[in-house]
Amino acid sequence: MNDVTRKLTSDGSGSGDEEYSATVLGSHWFAGPEGPGAVAPDRVEGSVLRFGPGVTAAMPAPFPVTVPDGPPPGRRGAGLRRYALAAAVLLAVLTYLGWQRFGPALHVRSLAVTTDPKGPACDAAADVVAVVGTDGRPGTLAYRWVRSDGTQSEQLTERVPSGQRETRLHLLWTFRGQGSYPARAEIRLLTPERRTAAVEFTYDCRARGGG
C-alpha cells in the first residue's frame, strides 16, 4: 500500500494548525462500486465464500459445484425403511422354515394297537392298526412290526406333517388253513423315541365252520 499524509487547514488551503492523517488504499481493496460511474477493482485477492441464498453473478464460486445424484434425503430414508421391512419379512420366513426343519423334534404322546377282537375269517387277513398320538410338530416315525410267528418287518418310516396329531400305521396279517391260532402283533417305535404296544387276537377257522 501507498500511504500519503497531507496537512489540511480548516478552509482546505493545505496549511493550518489542526492536522489528521488520511490513508489512501490500493485499488484492490474495495467495498464495491458505489454508483453508475464507479470503476470496478482491477483484481480480487483470495477466495470469497458466501453463505446464504446462493452465489452472486459478480462473484462466482472459486470451485466447481456439483449436485449429488440420487433421491432427496426424505426419499432415501423411505427407501431404507422399505429395504429394512423386506429384510425383516425374509428373516421371519427363514426363521420359521429353520424352526420347522431344525426346531423341537416330534414328540409322541401315546401309542396303542387295535384290531377286530373277533379275529379274521378263514383264509383272510387281520387288519392291525397302530394309532400314534403326537404333539402336532412335523417329523418322521420309524418303526417295526413283530409277529408272534417269529417274523418281523424291516424298518419302516412314516412322515408326519405339521399340525397332524394322530397317525395310523397298518399291518395286514394273512391267515390260511383250518385250525386255531392265538396271535400277537407288536409295534416297536424306534424314533423319535422308543415305545412298544401290542394286541392279541385268535385266528379260529374251525369255530366258524369255514373251509
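Contact here means heavy atoms within 4.5 Å, and the views below are close-ups of a predicted model.

**View 1. The surroundings of W145.** Leaving aside residues up to four places away in sequence, W145 touches V113, V128, A130, T151, Q152, S153, L156, L169, H170, L171, E186 and I187. Among these partners, V113, V128 and I187 are also listed, together with W145 itself, among the residues with the most contacts inside the largest nonpolar core.

**View 2. The largest nonpolar core.** This core has 26 residues, and those with the most contacts inside it are V113, V128, L141, W145, F175, I187 and F201. Two or more residues each are given to the core by β1 (108-114), β2 (125-134), β3 (139-147), β5 (166-174), β6 (180-191) and β7 (195-204). In soluble globular proteins, nonpolar side chains tend to be buried together.

View 3. L85, V89 and V93 make a nonpolar surface patch of about 270 Å². V93 belongs to helix α1, which spans residues 73-102, and with a relative accessible area of 43% V93 is partly exposed, because the partly exposed class lies between the buried limit of 20% and the exposed limit of 50%.

**View 4. The salt bridge between R137 and D135.** The side chains of R137 and D135 meet in a salt bridge, at 2.7 Å from N to O. R137 is partly exposed, its relative accessible area being 29%, whereas D135 counts as buried at 10% relative accessibility.

**View 5. The salt bridge between R168 and E166.** In this pair, the closest N and O atoms of R168 and E166 are 3.4 Å apart. E166 counts as partly exposed, at 45% relative accessibility.

View 6. A salt bridge joins E200 to R184, with the closest N and O atoms 3.7 Å apart. Since E200 lies in strand β7 and R184 in strand β6, the pair ties together parts that are 16 residues apart in sequence. E200 is exposed, with a relative accessible area of 61%, while R184 is partly exposed, with a relative accessible area of 34%. R184 and E200 are also linked with E186 and R188 in a network of salt bridges, and E186 is one of the residues that W145 touches. For the model as a whole, the count of salt bridges comes to seven.

Notes:
Residues numbered from 1 in each chain as written. Predicted model: local features only at pLDDT ≥ 70, side-chain atom pairs only at ≥ 80, totals over all residues. Heavy atoms only, no water. Core = buried A, V, L, I, M, F, W, Y, C linked by side-chain atoms within 4.5 Å. Buried < 20%, exposed > 50% of the residue type's maximum accessible area, 1.4 Å probe, protein only. Helix = DSSP H or I, 4+ residues; strand = E, 2+ residues; numbered from the N terminus. Patch = residues over 30% accessible without salt bridge, like charges linked within 9 Å, V, L, I, M, F, W, Y side chains within 5 Å. Areas by Shrake-Rupley, 256 points an atom, 1.4 Å probe, with all protein chains shown as cover. Salt bridge = Lys/Arg side-chain N within 4 Å of Asp/Glu carboxyl O.
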